[in-house]
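Hello,

Here is the structure I promised to pass on to you. Have a look at it first, and then read on for what turned up.

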Amino acid sequence: MERKERLDKVLSMCGFGTRKDVKKIIKEGEVSVNGEVIKDAGFHVSPQTDKICVSGDPIAFKRNLYLMLYKPAGVVSSTYDKKDETVVDLLEGEYSHRNLFPVGRLDKDAEGLILLTDDGILAHKLLSPKNKVFKEYYVEVEGYLSADDVQAFSKGIQLEDFKTLPAELSIVQSHEISRAIVKICEGKFHQIKRMFEALGKRVVYLKRTAIGSLRLDDSLSPGEWRELTQEELEILKNELA
């Protein structure tokens, strides 16, 4: 059975402003539910089945939002920071009012895919080590990469405070600046950088390209975002089932 919500909360979630803003709209008689004008902000509705209109136009309610964002370097993967711009600060318009948060973290100087949502259950499943959801990264490192490095990643690398789980390292080009694809199912602080440092290499560029089956849209530029398609969301959820 669908959970009922306060009318002012539903309208706020749909981007009509703060609770104070939407209470004013409701009081002015601009809101109807199933054809009846409602002036009580606390009136309970079934947002996915009731026909709710504002100024005669029906609203589109989404209980949860799922955004794919291309995080630029220099932006922090959090909901708030005293000094730096956050991934949430990049949102605007219809998304800025929702309590969205990034699923996992990405180093400040790294760029690439961030999933933003208000679905705590999905976020927990994606981050849980037992589900072994791989995150894919494109990296550039100082130093030549070899088969020994590939083997070291596959066995797990002993760092100062823990040993990493087995990871995949695929060499794209071995040179003074080597290029590679890395897949890990953990996300410890600076983990990829530390793994390469343990092998005598220094990461000079890091970009996350995928989280599980979800791949960064090539059409997005740094700082841009879009909602996940229904197909992308279903594939991601099936992967965690």
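Leucine 220 sits in the loop that links strand E14 (214–215) and strand E15 (225–227). Keep in mind that this is a predicted model. Is leucine 220 buried or exposed? Its relative accessible area is 9%, and because buried means under 20%, leucine 220 counts as buried. Leaving out residues up to four places away in sequence, leucine 220 touches Met68, Tyr70, Trp225 and Arg226.

Next, the nonpolar cores. The largest one has 32 residues, and the most contacts inside it are made by Val139, Phe153, Val182, Ile192 and Phe196. Two or more residues each come from strands E7 (66–71), E9 (111–117), E10 (135–142), E12 (177–184) and E13 (202–211), and from helices H4 (147–155) and H5 (191–198). Apart from this core lies another, of 18 residues, and leucine 220 is among them, as are Leu214, Leu216 and Leu228.

Just after H5, glycine 200 takes a positive phi of about 80 degrees.

Now for the chain as a whole. Its secondary structure comes to six helices and 15 strands. The C-alpha atoms fill a box of roughly 70 × 35 × 35 Å along the principal axes. The radius of gyration is 22 Å, whereas a compact globule of 241 residues would have one near 18 Å. Buried residues make up 44% of the chain. Among contacts with a separation of 6 or more, 65% are between residues 24 or more positions apart.

As for the surface, the chain exposes about 13200 Å², with carbon and sulfur atoms supplying 48% of that area. There are 37 positive and 40 negative side chains, and the centres of the two sets lie 5 Å apart.

Happy browsing, and do write back with any questions.

Best wishes

Terms used: Residues numbered from 1 in each chain as written. Heavy atoms only, no water. Core = buried A, V, L, I, M, F, W, Y, C linked by side-chain atoms within 4.5 Å. Buried < 20%, exposed > 50% of the residue type's maximum accessible area, 1.4 Å probe, protein only. Helix = DSSP H or I, 4+ residues; strand = E, 2+ residues; numbered from the N terminus. Rg over C-alpha atoms; globule rule 2.2 N^0.38 Å. Contact = heavy atoms within 4.5 Å. Areas by Shrake-Rupley, 256 points an atom, 1.4 Å probe, with all protein chains shown as cover. Lys, Arg positive; Asp, Glu negative; His and termini not counted. Charge placed at Lys NZ, Arg CZ, Asp CG, Glu CD.
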